[in-house]
Amino acid sequence: MTAIRSGAKATHRKYDGAWPWLFVLPLLIGVVGFYVWPIIQTAYYSFTTWGVFGGSTWTGGANYAALFADPQLYRSLLNTVIYTAIVLLGVPLSVWLASLLNTPGLRFVQFYRLLFFLPYVAMPVAISLVWRMIFNGDFGLLNWVLKLVGIHGPYWLTTEWFALIAVSIVGLWSSLGFSMILLGAGLKNIPPDLYEAAELDGASRPRQFFSITVPLLTPSIFFVLIITIISSFQLFDLLYAMLGAHNAVMPKTMSLVFYFYQSGFINNDKGFASAVAIFIFALIGVITLVQFRLQRRWVHND
């Protein structure tokens, strides 16, 4: 009798175990259909060559050999790394601004957070149009300010390196709000008692910031670094909207994703573009893996 009951319970548990899969099934179908399968399909296409009117031919690693022999790959990679490095300067700036907004008794905190967060939710094209007027070489606001102090500003969006710096400044500015929101949430988890004890011991505000705030905020900082690097390596819309595809400086300013766009949609070389996409995917994966390995050395764990 006991064996029958235990068998019935085991059968009942096994039957109950199928219900979670039924609830998760729609999500799994979406993930496989819109994420996993396109990656597999792109990986296959990267080993093929496509004709003008469709149809593919298996060519093995020819696309990858041509990719790594193309100097444009390394220039676009360098541009993406420079853009990412400049945007990452916004992370320590976000930590400082988030800590300022977390000051007890500060008025209009929600208004300040809204001001910083608005650029993140605004359309990149709208942001680009505003900044294109600011960076205009003839009548832009930036060159007008520089002229007041005796500096003749360059044509920012049509000069090599200056165009990349201009796009990077906009990327840094637009990412501040999102980083501040995440870091502000992390600041809420730091016990106020630590600051009170440090103040009783005579620790100054800067000492409290570097000895309490920054170490205990490292999990949030690590998450912000991951998100910022991944989004920076996907630079396309901001670059395209600010410079345009036919800008004379674009070949020396393009990012990796624009290099993919040029290969697949301008040159109509789908196999080569698929190889570029797989390269970007693998590169982001390696960088993320390295970050997760290194975070054990500097991220504070409770």
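Reader: Take Tyr240. How does its relative accessibility class it?
Author: This is a predicted model. Tyr240 has 34% relative accessibility, so it counts as partly exposed. The cut-offs are under 20% for buried and over 50% for exposed.

Reader: And which class does Tyr261 fall into?
Author: Tyr261 has a relative accessible area of 22%, so it is partly exposed.

Reader: How do I describe a pair of rings?
Author: A pair of aromatic rings is described by the distance of the centres and the angle of the planes. The structure holds 25 aromatic pairs. One of them joins Tyr240 and Tyr261. Their centres are 5.8 Å apart, with 80 degrees between the planes. That pair is edge-to-face.

Reader: Which parts of the chain does the pair of Tyr240 and Tyr261 link?
Author: Distant ones. Tyr240 sits in helix α13 and Tyr261 in helix α14, 21 residues apart.

Reader: Why is the pair of Phe260 and Phe265 called edge-to-face?
Author: Planes over 60 degrees apart count as edge-to-face. The planes of Phe260 and Phe265 stand at 85 degrees, so this pair is edge-to-face. Their ring centres are 6.3 Å apart. Phe265 is exposed, at 61% relative accessible area. Phe260 is partly exposed, at 27%.

Reader: Which residues do ring pairs link into a cluster?
Author: Tyr44, Tyr45, Phe47, Trp50, Trp58 and Tyr64.

Reader: Now the cores. What is the general idea?
Author: In soluble globular proteins, nonpolar side chains tend to be buried together. Here the largest nonpolar core has 37 residues. Leu67, Phe135, Val167 and Met242 have the most contacts inside it.

Reader: Which elements give two or more residues to this core?
Author: They are α3 (62–68), α4 (71–88), α7 (124–134), α9 (162–188), α13 (237–243), α14 (256–266) and α15 (270–298). Helix α15 gives the most, with seven residues.

Reader: What does Phe135 touch, leaving out residues up to four places away in sequence?
Author: Phe135 touches Leu142, Trp156, Leu157, Ala166, Val170 and Met242.

Reader: Last, the backbone. Where does Phe108 lie?
Author: In the loop between α5 (90–101) and α6 (109–121). Phe108 is not a glycine, yet its phi is positive, about 60 degrees. At 52% relative accessibility, Phe108 counts as exposed.

Reader: And where is Asn268?
Author: Asn268 lies in the loop between α14 and α15. Its phi is positive too, near 60 degrees. Asn268 is partly exposed, at 34% relative accessible area.

Key
Residues are numbered from 1 along each chain as its sequence is written. This is a predicted model: local features need pLDDT of at least 70, side-chain atom pairs count only at pLDDT 80 or more; totals for chains, interfaces and linings use all residues. Side-chain values use heavy atoms; hydrogens and water are left out. A nonpolar core is a set of buried Ala, Val, Leu, Ile, Met, Phe, Trp, Tyr and Cys residues joined through side-chain atoms within 4.5 Å. Buried means under 20% relative accessible area, exposed over 50%, partly exposed in between (1.4 Å probe, protein chains only). Helices (H or I, at least four residues) and strands (E, at least two) are DSSP runs, numbered from the N terminus. Contact means heavy atoms within 4.5 Å. Rings of Phe, Tyr and Trp (its six-membered ring) pair if their centres lie within 6.5 Å; planes under 30 degrees apart count as stacked, over 60 as edge-to-face and the rest as tilted.
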